Amino acid sequence: MSNNQHILRAFDRDLESVQALIMKMGGLVETALSDAARALETQDDDLAERVRLGDAAIDAIEEEVNTECARLIALRAPMGSDLRTVLSVMKIASNLERCGDYAKNLAKRSKVLATMTPIPGAAGSLRRMAKQVELLLKDALDAFIARDAALAEDVRQRDLEVDQMYNALFREFLTHMLEDARNITACMHLHFIAKNIERVGDHATSIAEQVIYLSTGAMPGEARPKAEVVTKGEAEE
Amino acid sequence: MDLERDVTTHTAKIEARNVQVYYGDNHALKDVDVDILDKTVTAFIGPSGCGKSTFLRCLNRMNDTIPSARVEGSIRLDGEDIYDPRVDPVQLRAKVGMVFQKPNPFPKSIYDNVAYGPKIHGLARNRAELDEVVETCLKKAALWGEVKDRLQSPGTGLSGGQQQRLCIARAIATSPEVLLMDEPCSALDPIATAQVEELIDELREQFSVVIVTHSMQQAARVSQRTAFFHLGHLVEYGETAQIFTNPKDPRTESYITGRIG
């Protein structure tokens, strides 16, 4: 990544403004996720409704990013790291838009769950999981702005923890359903929520991979480095 | 992957090693090593005065015509040193043709412009053969349809884009193996530019084409390989898509993204 300014300074301003949109969008998504998880735990219907309505603003920014990127490609013909920036920005916007949808879905389900007998401990576990994912998202976006491939790599590795939390919750919900069939509806909703939060983690990983592409010019390989290290260690022993 | 753009299996047509060019005391080109591939379009890009045109002119010994110019190192065409004293530069230029920035048709008829090369090199035995060569070349240059009814009119009476295509027809009439183009589209409008670019893409089935251009979009559109020159050095040479999406050298990055290097 070249830190030098463009000879044509309007180009710098265009690139900066589209990246500022991504940060604004990221901020809205983080808030939506955290609010939705809080609404679930505190059974706050008003907060859930605000999250649901707030998704339109996130979608609107994605549109704006796409329009700006199309304009940048048409008018500035970006090359090299500028081209990679524009491509990454479009993909990240689409990742964030999906995350916004998941937060909205969480909010909707939280309103439904508020009418049912609560499953003990579930909302608290989900909120912790959401918190973890929010951190991944925040770090992925910080890595994007700083073009920090090392931090992005860290995000990729930490997604494993989210997957483990999801697996643990899956077993927990299964147990509740086996214990009492009346828990099934609530547990199904809770399971979808867990799955959706886990998906947000996948999108954070995808953003991190874009950051690696952006700063190195190549997408990271299929296997995550953590898994590779483990295999290597075993082979050496 | 995109097979059309994959030229990795093509052999080297021109091998340049340790090429230095001096204009008097000015060391204009320094230690250039490059393999120009056969049946491939290679683009030379770089800021003004970087040496790209100088290097292009080395490839058919056009620098011989400049008294103060001195070329060192080796440039081989199909393994044969083109600076060997036994090589006749005129014969060499029949094999390594050139098209210039400004269309420069001879002040002769359209027909004679194309027929001139084959005539002096004895490539046609009779009038019928010459007619055939002229028609084939004008067709290859995508000009035949526009001029077939007025082959005896002066070449200078054509539009700029037509004149440039006439010059290309003239350059390919001697059946060259390599075609050098120095900013062939800088004086043309976008339609004529597109026609010349389409032609370049067709020509690469038969020849190796080397094009010097200031338009990076043009380099990206027509070439499979790109070489970036800066201050007399060949800074980076590689697959065109790689040069424009992920250049390795920071100087290339600064140049192609339009940054203050």
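I will start with how to read the model, then take chain B as a whole, then the helix pair.

This is a predicted model, in which local features need pLDDT of at least 70, side-chain atom pairs count only at pLDDT 80 or more, and totals for chains, interfaces and linings use all residues. Residues are numbered from 1 along each chain as its sequence is written, and chains are lettered from A and ligands numbered from 1 in the order in which they are written.

Chain B contains 10 helices and 10 strands; these are DSSP runs numbered from the N terminus, helices being H or I with at least four residues and strands E with at least two. The C-alpha trace of chain B spans about 55 × 40 × 35 Å along its principal axes. Of the 261 residues in chain B, 45% are buried, meaning that 20 or more other C-beta atoms, placed from the backbone, lie within 10 Å of the residue's own.

Now the pair. Helix α3 of chain B covers residues 110-120 and helix α6 of chain B covers residues 160-172; their axes are 7 Å apart, at an angle of about 30°. Axes here are lines fitted to C-alpha atoms over the stretch in contact, and angles run from 0 to 180 degrees between N-to-C directions. α3(B) and α6(B) are therefore roughly parallel, the term for angles under 35 degrees.

Which residues make the contact? From α3(B) they are B:I110, B:N113, B:V114, B:Y116 and B:G117, and from α6(B) they are B:L166, B:A169 and B:R170. Contact means C-beta atoms, placed from the backbone, within 7 Å.

Key. A residue is buried if 20 or more other C-beta atoms lie within 10 Å of its own, exposed if 12 or fewer, and partly exposed in between; C-beta atoms are placed from the backbone. Angles under 35 degrees count as roughly parallel, over 145 as roughly antiparallel, 65 to 115 as roughly perpendicular and the rest as oblique. Two residues are in contact if their C-beta atoms, placed from the backbone, lie within 7 Å.
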